Amino acid sequence: MMTKALPQHPPMAQFQVKGIDLIVGGIELTRLVARVGKTPFYVYDRQLITDRVMALRQQMPPDLKIHYAMKANPMPAVVQHMANIVDGFDLASAGEMKVALDTTMPVEHISMAGPGKRPAELMQAIAAGITLNVESSTELETIAQLSLQSGIQARVAVRINPAFELKASGMKMGGGPKQFGIDEELLPEVLKRIKTLNLDFQGFHIYSGSQNLKAESIIDAQQKSIDLAIRLSDFCPTPIKTLNIGGGYGIPYFPGDMPLDSQQVGDALAVAMDKFQVIQPQAEVIIELGRYLVGEAGIYVCRVIDKKISRGQVFLVVDGGLHHHLAASGNFGQVIRKNYPVAIGNKMKSQEKEIVNIVGPLCTPLDILADRMELPVADIGDLIVVFQSGAYGYSASPHYFLSQPETEQILL
Ligand SMILES: *Cc1c(COP(=O)(O)O)cnc(C)c1O
């Protein structure tokens with residue numbers, strides 16, 4: 001019986017090919033593997049990250065601030081690179097704060113969000129001078145107390161759980177009952193309370209979702225976020241200094257995914273920002289992006305260690321897998337498993353192809369990197385490349401599962 005290939009991806013045009021090799025950061029993959037000295041590893045191309053940020057600046061309104069959401073890729077070298085090219089950082093933990101504070105990014109442009117911030121973390125953030133995006137009334141009171149005890153005035157913004165949601169999103173983080181932010185309808189009360197506390201009020205943070213490829217959905221959420229901030233303006237203790245309207249810009253992973261039309265988003269945002277700046281002329285408008293800035297600039301590289309046939313299907317067994325790259329295995333929030341784009345990195349020009357499954361070394365059927373993909377015929381020793389791996393790869397994976405050797409990360 002013939003096995004049919006699942007739908008194919010378009011070529012990953014951000015990386016060049018030289019001879020038979022994929023090029024990353026100007027280096028042939030086989031040479032890079034020799035330099036690293038082992039597989040598997042992640043490699044990120046800093047030029048691709050810079051190009052993405054520069055292209056985005058062309059498309060977005062000139063006075064929009066672009067922040068990097070560090071949880072997408074918190075590798076210290078990547079974060080320092082981002083410090084040179086974006087306007088601020090958004091953090092999700094004190095661990096990320098440590099990495100951020102080691103860079104050249106000024107603290108005034110760093111904020112921290114996330115539910116369940118412990119008092120010790122809040123105190124660290126207050127002492128550092130970064131902005132805390134407040135996620136609940138309890139958190140607000142704790143911050144006020146810590147501020148009073150330490151004599152250091154905390155900078156706070158209120159994270160709002162809006163009444164709307166980001167439509168057609170990979171992951172919804174606003175609208176309905178949520179652990180994130182304070183419900184929109186409670187804001188007048190909360191802002192009244194802030195007026196009585198000795199806190200440095202910055203403004204609002206509205207983050208409604210992630211991995212969205214539809215310009216209309218993002219435009220809709222951005223406009224609603226700005227309208228919400230306008231409605232709340234009268235309740236604020238001081239004029240709004242910062243309005244963080246979230247992000248959610250997605251990247252194409254799967255066959256059929258169309259890249260986001262970011263120009264369309266930028267054009268609509270310019271109109272919405274003009275409206276906001278009439279009412280709050282001193283305010284900075286911020287978007288925070290993780291995946292969109294770094295996701296396409298990274299690959300995961302592993303090596304074929306066995307090739308076997310089972311009941312007519314070819315299996316390439318590789319030295320990496322789910323434990324390093326949970327998302328590519330399909331176990332990081334996917335409902336129906338789809339293949340990430342994959343290539344044989346040292347056989348980019350081969351015309352002879354076959355349908356293969358690529359599986360990792362873990363003793364679980366979940367450890368899949370490719371399911372029935374048509375790829376150049378590969379042998380033991382060949383290099384498997386998983387594209388779109390610059391975000392939610394290394395740091396979002398269960399490295400200790402099955403006690404396999406560790407992987408590493410390179411920035412070129
Ligand atoms: C995760 C997260 C982001 C980044 O999301 P991406 O999809 O990587 O752009 C931004 N802001 C907040 C509050 C987040 O939780």
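The chat below walks through the pocket, the cysteines and the aromatic rings of a predicted model.

Student: How big is the volume of the largest pocket?
Tutor: In this predicted model, the largest pocket has a volume of about 610 Å³.

Student: And which residues lie nearest its centre?
Tutor: The lining is made up of 22 residues, and those nearest the centre of the pocket are Gly170, Gln211, Tyr253, Phe254 and Gln334. Sorted by class, the lining holds 12 nonpolar residues, along with 6 polar and 4 charged ones.

Student: You mentioned Tyr253 and Phe254; are they buried or exposed?
Tutor: Tyr253 and Phe254 are both buried.

Student: How many aromatic pairs are there?
Tutor: The count comes to 11 aromatic pairs. In one of them, the ring centres of Tyr253 and Phe254 are 5.7 Å apart and the planes stand at 35°, so this pair is classed as tilted. Elsewhere, Tyr42, Tyr44, Tyr300 and Tyr394 are linked into a cluster by ring pairs.

Student: What sits over the ring of Tyr292?
Tutor: That is the charged end of Arg52, which is placed 4.2 Å from the centre of the Tyr292 ring.

Student: Switching to cysteines, how many disulfides does the structure hold?
Tutor: The structure holds 0 disulfides. Cys363, for instance, is in no disulfide, and the nearest cysteine sulfur, which belongs to Cys302, is 17 Å away.

Student: Why does Cys363 count as exposed?
Tutor: Cys363 counts as exposed because its relative accessibility is 74%, and the cut-off for exposed is over 50%. Cys236, on the other hand, is buried, since its relative accessible area is 9%, and buried means under 20%.

Definitions and conventions
Residues numbered from 1 in each chain as written. Predicted model: local features only at pLDDT ≥ 70, side-chain atom pairs only at ≥ 80, totals over all residues. Heavy atoms only, no water. 1 Å grid on protein atoms, 1.4 Å probe; cavity = no way out; pocket = protein on both sides within 12 Å on 5 of 7 lines; lining within 4 Å. Points joined across faces, edges and corners; volume = space filled by probe spheres on them. Nonpolar A, V, L, I, M, F, W, Y, C, P; charged D, E, K, R; others polar. Disulfide = S-S within 2.5 Å. Buried < 20%, exposed > 50% of the residue type's maximum accessible area, 1.4 Å probe, protein only. Phe/Tyr/Trp six-rings, centres within 6.5 Å; stacked < 30°, edge-to-face > 60°. Lys NZ or Arg CZ within 6 Å of the ring centre and 35° of its normal.
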